[in-house]
Amino acid sequence: MMEQAFQILGFLLIVLTILMQWESYVKGVIFLFSVSSFIVAAFLILLGLSRPGENYLLFILAALTITVRGLIIPIIMNRALRSLYKKPWRVREDRPLMGIGGSILISLLLILVGFFIYQNSLYEVLKIKSGAVPFALFMQASLLIISRKNAYIQMMGFLVMENAVVMLSGWVFSGLPFVVEAGGILDLLGLVVVSSLIIRVREEAIMQEGDHFEKELRG
Amino acid sequence: MLVVYSILEILFVVICSPLIAGIQSRMEERLESKQGPSIFQPYYDLAKLFRKESLVPKVSSPLFRLGPYVVFMFYLFIAIIIPVITAFPLTYASSADFVGGGLLFGAAAAIKKMTAIDSRCNYAHLGTSRNASIGALSEPIMVLIFIMLGVLSDTNNPFVINNVLRSSAHWYLSLLHGFVVISFFIILIIETGQLPVESHSNGELGMIDQAMPMEYTGPELAMYKWASYTKTFLLLSVFLNVYILPFLVPMKPDAGILVILAYMAIHLVKLILLILVFALLNTTVSKFRLYKNFDFLSVAFALAFLASLAYYISKP
């Protein structure tokens, strides 16, 4: 029963990452990331229920995941978008490096690669087939970073990668000290704030440059 | 008795298919706070078209006039080999399995395209080209979906799939089934020409199916439209009875005609619920640009592919 629940949550995460690949609006990608963080939290809660010895730590981690990844990071990202653009809901990836359809197909191939890697490495130890999901997610997130030019979406790709790491660590390295796991989650906050600032400076510079060229062209 | 049920099934499909189209357009108008046409409007349109004269382009071959009748005949044949009003096979059900049914739909679509090309109308050619490029990608996805249902039930028989899904909660609630249902729903949107893929307008930029019968008039156009209603009715019935709601369909041949008549009413209710979903989609979602349809198709493929992966993982 628990294994089935893990499978459902894992596949939901994979589908959400495919939807991120499909979505071109930054706000949409942020929303999908927020949903995927809630699913990771549900995963941690289920893991806590299946491991009575360390359940309260996993519940705290789940609560931290919801607060930091599910709520605070999306709020920070949305604010960063609002401060930079007049119409933040229209900010999108207008020229992706590869077509959306093609990138979804490559994403499927990468899922297979992730499953292959897991099958030939950790599966021998864990004996859980759905343990391949974090590997697949990791590969998909890498593609999201590579295939997009928009810095916000690239950052989302990195955060999805982080989600995959949290899932994998919950599953495989369950004995890690709580401080390390919680520290990892909280570190992200700082990372997102600093990255948002850097992206803002970069985007403002690009916009000014654009204005400059536009003025020159107008004469 | 099975022959009687077969005739009943054909009559049900042929008579009720325009009604479903009428209810859907009425629903859409009502959702937009408009009065809307009568739910019997498609019948009035068909009656009017049957009374009109036929005009045939000088350059077309006899295929142009024959096409709509042949296509309609194909759909009538499909009606008696898939589970519409019974979950037990009727007299001719053994003529084709699920893949055979898919091929018959494909053959009907090919004839439609040939007749459109034969009309030598630029718009019909444009629609055919768009339809063919989308169909070339949607058909393999449909085959993948059929294969996954075959894996689930160890057969290609839609009646057995219905019985497996309704009797096994394990399969009905499985990830494989979930992915297959969503993937087929996307294909259904594409095949029945709903938004966000196709709007029912004659705007040159987005029209696909609307462009194909541009040169048809009179009884031929009526047959063409009726065949389209029948195709939609059949696809929706397959989706309901084989994929998403396989319940309540009479399973035993000795159920009696009253039970089957009662189920026909239930089936209409099921269909109305499904077209309500389509009506909501058609009134709330905007149309994709033409080339974006291929991204939509790739999502359908991704889901069908994930179904196979889910099967592999859940296998003991």
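The model is predicted. Its largest pocket holds about 1100 Å³ of space, and the second largest pocket has a volume of about 670 Å³.

**Largest pocket**

- The lining of the largest pocket consists of 35 residues.
- Nearest the centre of this pocket lie B:H200, B:Q210, B:K225, B:S228 and B:Y229.
- Four elements of chain B give two or more residues to this lining, namely α1 (2–31), α2 (41–51), α9 (218–244) and α10 (257–284).
- Sorted by class, the lining of the largest pocket comprises 15 polar, 10 nonpolar and 10 charged residues.

**Second largest pocket**

- The second largest pocket has 21 lining residues.
- Those nearest its centre come from chain A, as A:W22, A:S24 and A:Y25, and from chain B, as B:F288 and B:K292.
- By class, 9 nonpolar, 9 charged and 3 polar residues make up the lining of the second largest pocket.

**Residue B:R51**

- B:R51 belongs to helix α2 of chain B, an element that gives two or more residues to the lining of the largest pocket.
- B:R51 counts as exposed because its relative accessible area is 68%, and the cut-off for exposed is over 50%.
- Between B:R51 and B:D154 there are 103 residues of separation in sequence and 49 Å in space, taken from C-alpha to C-alpha.

How values were computed: Residues are numbered from 1 along each chain as its sequence is written. Chains are lettered from A and ligands numbered from 1 in the order in which they are written. This is a predicted model: local features need pLDDT of at least 70, side-chain atom pairs count only at pLDDT 80 or more; totals for chains, interfaces and linings use all residues. Side-chain values use heavy atoms; hydrogens and water are left out. On a 1 Å grid over the protein atoms alone, a cavity is a set of points where a 1.4 Å probe fits but cannot get out, and a pocket is an open set with protein on both sides within 12 Å along at least five of seven lines; lining residues have an atom within 4 Å of a point. Grid points are joined across faces, edges and corners, and a volume is the space filled by probe spheres set on the points. Ala, Val, Leu, Ile, Met, Phe, Trp, Tyr, Cys and Pro count as nonpolar, Asp, Glu, Lys and Arg as charged, and the others, Gly among them, as polar. Buried means under 20% relative accessible area, exposed over 50%, partly exposed in between (1.4 Å probe, protein chains only).
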